[in-house]
Amino acid sequence: MVSGRFRQLDTSNNYAGGRSETLIGTALKQAPDGVTVFSKADRDPGTGVFDGDRVMRSWEETISRLGVETLPIYHLHDPMTITVGEAMARGGAVPALVALREQGLVGAIGIAVGGGTMVEDYIRTDAFDAVLTHNRYTLVDRRAEEILRLATERNMTVFNAAPFGGGILGGSPRHATRYGYRRVSPEFAAHVERLKALCERWGITLAAAALHFSLAEPRIHSTVVGVTSAERLAQLESLADTVIPGGFWADLAALGSPPPSPID
């Protein structure tokens, strides 16, 4: 992270109970200029409370761990314990985020939520500058189309996370039967096998195609990939350097729409 070509890090207040931010904060002390960190406000891990006061406590915890005073983007993260109306109300989570932006402590605020149509509802409030979606715009899943449409209309920054769908598109044997951490149907598995065969015909790996599917989408501004080791980081560099033949995308389209995803 200190000297590599990938200079942006995505984390959250609740990742590994705060340990993710602590480790990143330690690394940042040795990092040269140009490394950017994005983080997220999270509900109280014990009570589930996610009001304005909790956002401010989450913020203080985050900047203390990271050792920074400001962040370029700060997301509202998985507000599953509250309604959109509660989040937007006076004293709610969103006004607190707006206050941080108005004070110049964050450059922009984003919404990062998985499941259902909640993210679209938050986008429609017009309160946010950015959106992060995951496991919803991949080689085998297009459910983020509405998110991309709404965000593009509003000139929002779009982060697309999990282009490998939790590992099945990244060549992970451990996750070969799951997409987005849920077991896939026989039809879905068969579609993935057809994709693998297509990639083999074009002389590329499924993982490279999955990564470049996100990188090539003009409505997506940043692709977020989970990395668990230095080895995985080196592999990611190789995947990013892979040249995808132009004809591959036409053949991909010819496969037709993917079967329904196992996640909502």
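I started at N135, which is buried with a relative accessible area of 2%. The model I am working from is predicted.

**Entry: backbone at N135 and A16**

I looked up phi for N135 and got a value near 60 degrees, positive in a residue other than glycine. I placed N135 in the loop between β5 (130–134) and α6 (145–153). I noted A16 next, where phi is near 55 degrees and again positive in a residue other than glycine. A16 sits in the loop that runs between β1 (8–10) and α1 (19–28). I flagged these values because most residues other than glycine have a negative phi.

Is A16 buried or exposed? I find A16 exposed, because its relative accessibility is 63% and the cut-off for exposed is over 50%. N135 counts as buried, because its 2% falls under the 20% limit.

**Entry: aromatic pairs**

I asked how many aromatic pairs the structure holds. The number is seven. I took Y122 and F128 from these: the two rings form an edge-to-face pair, 5.9 Å centre to centre, with 80 degrees between the planes. I checked burial for both residues. Y122 has a relative accessible area of 0% and is therefore buried. F128, at 7% relative accessibility, counts as buried too.

I then took Y179 and F188, which form a tilted pair with 5.3 Å centre to centre and 50 degrees between the planes. Y179 is buried at 0% relative accessibility, and F188 is buried with a relative accessible area of 1%.

I also noted a cluster in which ring pairs link Y137, F213, F248 and W249.

**Entry: nonpolar core**

I looked up the largest nonpolar core and found 67 residues in it. Which residues have the most contacts inside this core? They are L76, I111, F128, V131 and L139. Helix α8 (residues 206–215) gives the largest share of the core, seven residues. I checked the core against the domain bounds: at least three of its residues come from each of domain 1 (1–128) and domain 2 (163–263).

**Entry: cavity**

I searched for cavities of 30 Å³ or more and found one. The largest cavity has a volume of about 50 Å³. I listed its lining as F164, V225, G226, V227, R232, Q235, L236 and L239. By class, the lining divides into five nonpolar residues, two polar and one charged. R232 is the charged one, because Arg belongs to the charged class.

**Entry: second largest pocket**

I turned to the second largest pocket, which holds about 170 Å³ of space. Its lining has 10 residues, and those closest to the pocket centre are H134, R136, G180, R182 and I263. What are the classes of the residues in this lining? I count two nonpolar, five polar and three charged. R136 and R182 are among the charged residues because Arg is classed that way.

Terms used: Residues numbered from 1 in each chain as written. Predicted model: local features only at pLDDT ≥ 70, side-chain atom pairs only at ≥ 80, totals over all residues. Heavy atoms only, no water. 1 Å grid on protein atoms, 1.4 Å probe; cavity = no way out; pocket = protein on both sides within 12 Å on 5 of 7 lines; lining within 4 Å. Points joined across faces, edges and corners; volume = space filled by probe spheres on them. Phe/Tyr/Trp six-rings, centres within 6.5 Å; stacked < 30°, edge-to-face > 60°. Buried < 20%, exposed > 50% of the residue type's maximum accessible area, 1.4 Å probe, protein only. Core = buried A, V, L, I, M, F, W, Y, C linked by side-chain atoms within 4.5 Å. Helix = DSSP H or I, 4+ residues; strand = E, 2+ residues; numbered from the N terminus. Domains from an automatic or database assignment.
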